[in-house]
Amino acid sequence: MSLKKIISVSLISYVAVTILVVVYGLYVAPVRVAQTIPNPGIQPPDSRPASGVSGGTSAPATDTKDSTSATQTTTPTPTPTPTTAPTTTPKTTPTPTPTPTPTPTPAPTPAPAPAPAPAPAPAPIACGSAGGTCTAAQVAAHNTKTNCWMIYSGKYYIVTSYVSQHPGGSTSFNSTSCGHDVTAYLKGSATLGSQRHTHSGSAYTILSSYYVGPVSG
Amino acid sequence: MSNLRKKPEKSRNTPGAPWIVGAAFLAIITGILIVWIVRQHAIPSVSVVSPVSYSNGSESYQPGTSRKYVIIEIEVKNPTTRAFNFAPVVQTYLSDDKGNRYDMAPAELSNPLAAGVILPGETKRGQLSYNVPVDVTKFVFHFVTDDSYNISYTQSL
């Protein structure tokens, strides 16, 4: 095999294998990963099958807001043991003068160990942004028809653009529902004003489109 | 008989083999590096994947007088190495050539796209709906994130 042939075959195999690895890494492997990870969705409060609710296109049951709830772990550093003070040897003099008592020098204070630098935490996502965590108080500030946020099952939803489209009318969206936790009301276990009704499965499907983030506290 | 006792012939000397094996090994390393670099710099993408359709509403959802629903099917891809939070109600809207903005509105959809976390490598596809005036036919789809991804994407419909 001539040198020219060796080089050309090597080059071809180099390019071919590189392409194979890149295609596998960028297209084949990610798809396999996505297929193996389940993503359970929002379910109506009762156990009846909800029409139109598909598991693949639904809000997450578990909110992976790792960026906001990341805990920093610090590795404990060993405390340096203080070194013993050096002892001074007494001077011996030919005269019988009393020998001076050696005064022990104070032990050097160990320098405080530098604190380990904490790992940089990911920037938290702001309340109101996709995936951003809000407190109940922050949600409560949005309590009008034109600025209506709601809490359902520990998650908040921005439903302002939904208010005028609500099949039951917009009267149920007021200062007692907007900005509040409406879980009990949507589950039919509580009344909102004088109203008590349950929602269809498709209502929860639509609600899942309005999900923004989790509620803390 | 003498043929049977004959030792098998030594394989032909291939001086190029180490070169080819070396090149293949180097290629694997290069490929892994390329994949790593590409995935580090990748960003989630959202695109409208089917022609726009219109709806005059259903029994439950009515767009209102002189209004209609624009229904688009979008695909959200997350080729990155970290989870992506997708919330169409705050990240998507339509605009027309006069600069009017139309936010997401509920409609009966055959394949609604829910909000939620798009895992690394995951792709989701589904429909979103917007309430618009009947006389407007040209729209621009906007996808804007204000989190750490800071994506701003538009597509004419």
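**View 1. Polar contacts across the interface of chain B and chain A.** Across the interface of chain B and chain A of this predicted model, five residue pairs, both members at pLDDT 80 or more, are found in polar contact (a pair of N or O atoms within 3.5 Å, where within protein one must be able to donate a hydrogen and the other to accept it, and residues adjacent in sequence count only if both atoms are side-chain atoms). The count of salt bridges between chain B and chain A is zero, a salt bridge being a side-chain nitrogen of Lys or Arg within 4 Å of a carboxyl oxygen of Asp or Glu.

**View 2. The side of chain B that touches chain A.** The elements giving two or more residues to this side are helix H2 (17–41), helix H3 (88–91), strand S7 (116–118) and strand S8 (123–133) of chain B, with helices (H or I, at least four residues) and strands (E, at least two) taken as DSSP runs numbered from the N terminus. H2(B) gives the most, with 14 residues.

**View 3. Helix H6 of chain A.** Eight of the nine residues of H6(A), residues 201–209, are buried, that is, under 20% relative accessible area (1.4 Å probe, protein chains only); among them are A:Tyr204, A:Ile206 and A:Leu207. The cover over the buried residues of H6(A) includes strand S5 (211–216) and helix H4 (160–163) of chain A, together with H3 of chain B.

**Notes.** Residues are numbered from 1 along each chain as its sequence is written, and chains are lettered from A in the order in which they are written. Local features need pLDDT of at least 70, whereas totals for chains, interfaces and linings use all residues, and side-chain values use heavy atoms, with hydrogens and water left out.

Technical notes
Buried means under 20% relative accessible area, exposed over 50%, partly exposed in between (1.4 Å probe, protein chains only). Contact means heavy atoms within 4.5 Å.
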